[in-house]
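Dear colleague,

Please find below the structure that I am handing over to you.

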Amino acid sequence: MKNPFIAPQLRETVLRKRMTSVGRFSLKSETQDNRSIPTFFLALSGEKMKKGAVGGNHSSNTNSTPDTAMNKFSPRKIFTVSDFEDAWISRDMPTRHPRFHSTVCPVTHGHFEETHRIHPGEGEDEDESTLQIKADLDRHASETMHFSVYREDLRNRLEHMLMSPLEVSDKLWEVKISNGLLGSSGAISHAKSDAIRNENQANRSSSLARRPTRINNQSLLSRRATKGGLWRDATQEVESISMESLLLFRSHHALADGASIMAALSDLCDEAEEIRDNLEMELRKWKRKGEKGPRKSILRRTLSRLVRLLKMCLWFSFGSLRALVYQGYLQITTPHNPFDAVREDAEKKNLSLTGRSISWCDAAPLDEVKRIARIIGTAKGVAITVNDLFVSCITAAVTRQLIEHEEFMAPMDTHERKY
């Protein structure tokens with residue numbers, strides 16, 4: 001018998017958003033040995049003034065307590081989970097990128113479900129919505145121990161994150177934050193760390209040179225006042241130690257691809273407004289280029305669109321046919337998988353046949369890579385991007401790896417190798 005004094009519970013309405021075809025394919029195609037989880041790291045080094053700090057004010061205050069002196073004179077050199085949550089909320093990420101607060105629907109795996117339905121400014125209590133967003137971020141962001149062995153610990157952690165499963169019905173991404181001495185993890189190379197230390201030392205020397213000096217007429221044996229003075233000296237000595245913060249990101253490919261992840265990270269940066277302004281400026285330039293010239297009639301515009309569509313169909317048809325023919329040619333001329341030699345060599349050395357291995361080095365700065373791509377593109381008469389140059393380097397690396405197993409690669413001798 002129903003109680004008339006108890007209001008009936010209303011059914012909760014859950015809004016589900018359909019994934020893209022690439023997202024659904026990544027869920028269906030991943031295996032235990034081949035996870036679809038892109039992983040990368042971001043290294044930070046610098047200073048960030050504490051909340052409530054007086055920027056640039058280094059005057060003495062004999063009446064200040066140690067806590068007050070710490071708040072006034074100590075900039076923060078580390079990046080914590082709290083800083084990540086504050087940046088996430090201040091940049092309005094829940095509204096700009098709501099997918100990052102979603103999970104995969106356990107009923108229909110081709111849809112997203114939001115884990116919270118309160119956005120900043122929508123609820124009656126702003127603090128309540130902020131707390132709910134931070135509670136959701138606590139499931140994604142966590143702090144971990146910093147890496148001690150140069151690049152070896154970081155490499156092992158990245159390999160583990162690439163192969164460990166990610167429960168998509170619980171969360172689609174996570175970030176692990178650690179802090180330590182500059183250059184200890186290997187995310188920032190020794191050469192770059194030395195350059196940062198030298199720059200910090202030069203900045204400290206210039207700031208000390210601009211400070212007014214005080215003449216103390218007291219004896220050298222007289223006791224010094226400790227109301228903030230010694231504490232301030234101790235904190236300044238600690239501030240001279242350069243620190244680094246390391247953020248390890250990983251997300252399922254169903255959430256976003258590499259370009260979408262980078263777009264979301266750019267919104268978290270201090271230069272987010274500048275990046276968006278540059279994008280809008282480029283879009284306006286592209287739009288003005290399309291509007292230049294005399295206005296075409298409706299018939300000419302329709303015919304030009306049909307011609308362009310016909311060209312795309314022909315390009316797709318002949319390109320697909322060419323790719324299929326080339327794939328058949330490779331299958332005929334290469335009866336054995338060249339990577340079987342790599343697997344046999346790994347078995348002889350008692351190495352694991354599953355998992356992924358990571359390696360990186362400081363090859364060249366980005367400006368130099370862009371200059372090389374521009375020179376090659378000008379020489380060949382085509383537009384060469386940084387990604388094209390990177391793929392060519394990967395191709396050369398794989399070719400060198402296969403050549404190391406020359407005795408197992410007789411079918412590949414007929415192919416012309418270029419280095």
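The notes below cover strand pairing and then pockets.

This is a predicted model, in which local features need pLDDT of at least 70 and side-chain atom pairs count only at pLDDT 80 or more, while totals for chains, interfaces and linings use all residues. Residues are numbered from 1 along each chain as its sequence is written, and side-chain values use heavy atoms, without hydrogens and water.

Helices (H or I, at least four residues) and strands (E, at least two) are DSSP runs, numbered from the N terminus. Strands pair if DSSP finds at least two bridges between them. Strand 7 (residues 141–143) runs parallel to strand 8 (residues 173–181), joined by 3 bridges; Ser142 stands opposite Lys176 there. Strand 8 is also joined to strand 9 (residues 243–251), by 9 bridges, and these two run antiparallel. Ile177 has Leu247 in strand 9 as its bridge partner.

Leu247 also belongs to the lining of the second largest pocket, among the residues nearest its centre. A pocket is an open set of points on a 1 Å grid over the protein atoms alone, where a 1.4 Å probe fits, with protein on both sides within 12 Å along at least five of seven lines; lining residues have an atom within 4 Å of a point. In total, 36 residues line this second pocket.

Yours sincerely
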